[in-house]
Amino acid sequence: MLHPRAKIMLAFALPAMVIGALSSLILVAVMLLAGALQTLLWQHIPSTLHINTQSASWTLFMLTLTGLGVGALIKYMPGHAGPDPASESLVGAPVPLNALPGLALALMLGLAGGVSLGPEYPITVINIALAAAAGRRLLPQVPTTDWVILAASGTIGALFGTPVAAALIFSQTLGGDKDVPLWDRLFAPLVAAGTGAVTTDQFFVPDFSLNIAPYNTTELVDLFSGSVVVLIAIALGMIGVWIFPHLHRMFNGIRNPMLKLSIGGFVLGLLALIGGEITLFKGLDEMKQLAGSNQMFGISSMLAITLTKLAALVVAAACGFRGGRIFPAVFVGVSLGLMLHQYAPNVPAAVTVSCAVMGMVLVVTRDGWLSLFMAAAVVPGLKLLPLLCIVMLPAWLLLAGRPLMLVSKYLPARRNQGGSESDLKK
């Protein structure tokens, strides 16, 4: 009763469900452990010792200590706690299994200690490595690439609470074979992403949406305003992109990872003193706090928060902390969008925030679908989608051929002049 293509898809359904569920459970376990460690470090220990966590000395101490701990893991753990995220995209080849314990510990310590990076890159690396190793052992006839795609899909679905992001991302990479329909190739990744999202929802619901007035009526002037906002976000983000390889080269001049990460942590502490505690951590909870107390911050304070968080993202990624750049980039976009709304209150906050998020994520990921998804996730509303699709076009033109927030593994950083991600790895 089933076509041979349907039988192939059905054969991958069960492995995809298993990989999606396990990818989600690994994410949930890491996030719960990191949250418990964060509570211990920032609440229980200071309360027991009667320490004011708002003090400059405690912030500097905690970030420096976090850097020292992550540096020790990189130096002494097998596999150096995984590859340097500064030279890796979100989805890559499997890493050796011996690097995974150190990578997981480095991620949890960084998240708990207040480093301005998200969990997406290390979690994806861990899940891809485990799925590929299990796949090679149990079904060696299946190409490793298939296990990579399923693990990445399950992880993306778990991270964002929906399979939509995975479908959008992999529709670009799986659309080359015209003999097989795209949805045939997306079937197993969607099963993995959907299972990952449903599994995560049993423990907590990843919610990026902000309490912002909905956008109910499309105005032509908002197309112009949104284009201006997304171009401002891109210009600001590209400053970080151009600084990134130089800062990475400077930090990499320090051979001892414990010293390098301690210095990086101390710099992050100094930045937190400027922007406040709201600029610490991965940014998901903090951006909701920022949106909920927007009226408490003036334009100058919002500008300081935006620039500080962007600087913290660049420093944390450049000095070698294990984490992803999407979550803090979304925070920077939210902060910038709220600031621009204060500056021009006639422009709806839904437009300024969604366009700023889209521009900043475009700079960091250079992925149009993911950027559009994140903007729509932060400020939900069908009326916004046509506007976002249109204002993305000038943004994409501006970014064409520009360098990525990555450093080459094979060429000196000063020769990294941009182009596509594949160009960087040639």
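The second largest pocket holds about 450 Å³ of space. In this predicted model, local features need pLDDT of at least 70 and side-chain atom pairs count only at pLDDT 80 or more, while totals for chains, interfaces and linings use all residues. Residues are numbered from 1 along each chain as its sequence is written, and side-chain values use heavy atoms, without hydrogens and water.

On a 1 Å grid over the protein atoms alone, a pocket is an open set of points with protein on both sides within 12 Å along at least five of seven lines; in a cavity a 1.4 Å probe fits but cannot get out; lining residues have an atom within 4 Å of a point. Points are joined across faces, edges and corners, and volume is the space filled by probe spheres set on them.

Of the 20 residues lining this pocket, Met31, Phe204, Lys282, Leu284 and Asp285 are the closest to its centre. Helix 1 (4–49) and helix 10 (284–292) each give two or more residues, and helix 1 gives the most, six (helices are DSSP runs of H or I, at least four residues, numbered from the N terminus).

The whole structure has three cavities of 30 Å³ or more. Leu107, Phe321 and Arg322 are among the residues lining the second largest cavity.

| Space | Volume | Lining by class |
|---|---|---|
| Second largest pocket | about 450 Å³ | 13 nonpolar, two polar, five charged |
| Second largest cavity | about 40 Å³ | five nonpolar, three polar, one charged |

Ala, Val, Leu, Ile, Met, Phe, Trp, Tyr, Cys and Pro count as nonpolar, Asp, Glu, Lys and Arg as charged, and the others, including Gly, as polar.

Domain 1 (7–202) and domain 2 (220–399) both line the pocket, so the pocket lies between them; the second largest cavity also lies between them, because both domains give residues to its lining. Domain bounds come from an automatic or database assignment.
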